[in-house]
Amino acid sequence: MAVEETNLQIQAGSEKRTYSVQEIADILQISRSMAYNLCRQSLFKTVKVGKYVRISKSSFDDWLDSKN
């Protein structure tokens, strides 16, 4: 049973839930400073963790899908 539990934990933890600002910049092919500007506009959910800004993957993906 311990092996099955470990496999479930690995699978559950492998789904990415946030993007970094650099990842947003890469996805949109824009500069990091422009990505920070988008974050400040509250177009999608962000959270500050220490000195880092993380963007909710689901809210960013929803925002991006609505632009098409």
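# Reading a predicted chain, term by term

User: Where is Q29 found?
Analyst: Q29 is found in the loop between α2 and α3, where helices (H or I, at least four residues) and strands (E, at least two) are DSSP runs numbered from the N terminus. The model is a predicted one, in which local features need pLDDT of at least 70 and side-chain atom pairs count only at pLDDT 80 or more, while totals for chains, interfaces and linings use all residues. Residues are numbered from 1 along each chain as its sequence is written, and side-chain values use heavy atoms, with hydrogens and water left out.

User: Why does Q29 count as exposed, and what is the value of its phi?
Analyst: The relative accessibility of Q29 is 74%, and the term exposed is used over 50% relative accessible area, buried under 20%, and partly exposed in between (1.4 Å probe, protein chains only); Q29 therefore counts as exposed. Phi of Q29 is near 55 degrees, a positive value in a residue other than glycine.

User: What makes S42 exposed, and where is S42 found?
Analyst: S42 has a relative accessible area of 60%, so the term exposed applies to this residue. S42 is found in the loop between α3 and β2, and phi of S42 is near 55 degrees, a positive value in a residue that is not glycine.

User: Which pattern does the chain follow along the sequence?
Analyst: Read along the sequence, the pattern is α-β-α-α-β-β-α, and the secondary structure comes to four helices and three strands. The chain has 68 residues, of which 22% count as buried.

User: Why are α2 and α3 called roughly perpendicular to each other?
Analyst: Helix α2 (residues 21-28) and helix α3 (residues 32-40) pack at an angle of about 105 degrees, and their axes are 8 Å apart. Such axes are lines fitted to C-alpha atoms, for helices over the stretch in contact, with angles running from 0 to 180 degrees between N-to-C directions. Angles of 65 to 115 degrees count as roughly perpendicular, those under 35 as roughly parallel, those over 145 as roughly antiparallel and the rest as oblique, and α2 and α3 are therefore roughly perpendicular to each other. On the α2 side the contact is made by V21, Q22, I24, A25 and L28, and on the α3 side by R32, A35, Y36, L38 and C39, where contact means heavy atoms within 4.5 Å.

User: How do you know that L38 counts as buried, and with which residues is L38 in contact?
Analyst: L38, which lies in helix α3, has 13% relative accessibility and so counts as buried. Leaving aside neighbours within four places in sequence, L38 is in contact with L28, I30, L43, F44 and W63. The C-alpha atoms of L38 and A25 are separated by 9.8 Å, although these residues are 13 residues apart along the chain.

User: What makes S56 buried, and which residues does S56 touch?
Analyst: S56 is found in strand β3 (residues 52-56), and its relative accessible area is 19%, so S56 is buried. Not counting residues up to four places away in sequence, S56 touches R17 and K45.

User: How many salt bridges does a search of the whole structure find, and what makes D61 and K57 meet in a salt bridge?
Analyst: The search finds two salt bridges, the term being used for a side-chain nitrogen of Lys or Arg within 4 Å of a carboxyl oxygen of Asp or Glu. The side chains of D61 and K57 meet in a salt bridge at 2.8 Å, N to O. D61 and K57 are separated by about one helical turn, because they are four residues apart in helix α4 (residues 57-66). K57 is partly exposed, since its relative accessible area is 27%.

User: How far apart are the closest N and O atoms of E23 and K16, and are E23 and K16 buried or partly exposed?
Analyst: The closest N and O atoms of E23 and K16 are 2.9 Å apart, and the two residues form a salt bridge. E23 is partly exposed, with a relative accessible area of 28%, and K16 is partly exposed too, with a value of 40%.
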